[in-house]
Amino acid sequence: MNIQPLISVLKERYYDETDTRKLVILLGQLGDFDSLEYAMEVVKQIEKLEAADISLLFIGIGNEVGKACFCKFTGLSPKYLLVIPTPTLHNQLGLYSGLNLPVGPWTNMLLMCAGVGSPNTIQEVFRGYTGDRNASPRLQEDESIKIGFLPEIQGRTFSKFLGTGFLRPFELASLRLRNMIEVLSNWECYMPSDRYLTQRGATFFLDKEYRVIYYFRQKSILGYSKDMRTPLAFFDSLL
C-alpha cells in the first residue's frame, strides 16, 4: 500500500516534524451519513488523543463553507479538519469510490443504501432501529438530541424506558435521523456537488516516522469501522 500521497499532504499542511503519532481519517463528502456520525464519535475521544500525544486530522470533501457547518454541528474544532474539493487523494490511496453504474450519483447512492455494492449496510440500518445488546449506548445519560420540531430526547429517557448498558432500540436511528435532517436542511453547505456521493473513506494511524500501524478502508455506507458495534475499538491499542 502506497501512502506517500497522504504523507505528502501531512508534511505540507500540518506536520513538519515527526514527533507525534498521527490519526488521519479520510471522510467522503462532509454531508455523508458516515462523516457526521464518525466525527461525532471521535470528538468524544479528543482529550484522550491529546493526552496520548496523538495528532488528529480529518480530511473531507467539501469547501470552507461546509467546513464551518460541519464543525459547528459536530463540535469538531476546525483545526482538526482539512477540506479538499475532489477525491483526488482518495483515488491516489486506492479507496473505494462506491457503486459506479451509468445511472448517475443519486441512483448509485440509493442502490448502495439498499445494499448493492455496499455490504452490511441494510443490517446496520436495521440495527439502528432494533438496538444491539452487544454494543455500547451512543447517548450518555446527560446527553440530549434535538430532531426537527420534536422535543429534545435525553439519554436518560432511553435508559428509563428501554434499559441501560447497551444500544437501545431507536437510539442510533434517532441520532442518524438528526444528522440527516441537518444535512437536508443545509444541503448546499454540506454538498456543493453531488458528484462524489458514493465516495467512501478510510482510517490511518501512523507512527512518528509515518509508518502505518493501523488502517481500515471503508467498503460500504454506514461501515466506517471494522466492527460497527464498537466503532472506536481500535482506539484501545492506540491509547
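Reply: Residue classes come first: Ala, Val, Leu, Ile, Met, Phe, Trp, Tyr, Cys and Pro count as nonpolar, Asp, Glu, Lys and Arg as charged, and the others, Gly among them, as polar. The model is predicted, so local features need pLDDT of at least 70 and side-chain atom pairs 80 or more, while totals for chains, interfaces and linings use all residues. Residues are numbered from 1 along each chain as its sequence is written, and side-chain values use heavy atoms, without hydrogens or water.

Me: How do the residues lining the second largest pocket divide by class?

Reply: On a 1 Å grid over the protein atoms alone, a pocket is an open set of points with protein on both sides within 12 Å along at least five of seven lines, a cavity is a set where a 1.4 Å probe fits but cannot get out, and lining residues have an atom within 4 Å of a point. The second largest pocket has 15 lining residues, with Val125, Tyr129, Arg176, Leu177 and Met180 nearest its centre. By class, the lining comprises 10 nonpolar, three polar and two charged residues.

Me: Which helix gives the largest share of that lining?

Reply: Helices (H or I, at least four residues) and strands (E, at least two) are DSSP runs, numbered from the N terminus. At least two lining residues come from each of H2, H7 (121-130) and H9 (171-185). The largest share, six residues, belongs to H9.

Me: At what angle do H2 and H9 pack?

Reply: Axes are lines fitted to C-alpha atoms, for helices over the stretch in contact, and angles run from 0 to 180 degrees between N-to-C directions. Angles under 35 degrees count as roughly parallel, over 145 as roughly antiparallel, 65 to 115 as roughly perpendicular and the rest as oblique. H2 and H9 are therefore oblique, with axes 10 Å apart and an angle of about 120°.

Me: And H7 with H9: roughly parallel or roughly perpendicular?

Reply: The axes of H7 and H9 are 5 Å apart, and their angle is about 110°. That makes H7, relative to H9, roughly perpendicular.

Me: Which residues of H4 meet H2?

Reply: H2 (residues 33-43) packs with H4 (residues 64-74) at about 50°. Contact means heavy atoms within 4.5 Å. Ser35, Leu36, Ala39, Met40 and Val43 of H2 meet, on the H4 side, Phe70, Phe73 and Thr74.

Me: How much space lies in the largest pocket?

Reply: This pocket has 16 lining residues, and Glu41, Gln45, Ser136, Pro231 and Leu232 are nearest its centre. Its lining divides into six nonpolar, four polar and six charged residues. Grid points are joined across faces, edges and corners, and a volume is the space filled by probe spheres set on the points. For the largest pocket the volume is about 420 Å³.

Me: Which residues are closest to the centre of the largest cavity?

Reply: Strand S1 (21-29), H2 and strand S6 (202-206) each supply at least two of its lining residues. About 90 Å³ of space lies in this cavity. Among its 15 lining residues, those closest to the centre are Leu26, Leu27, Asp34, Gly201 and Gln218.
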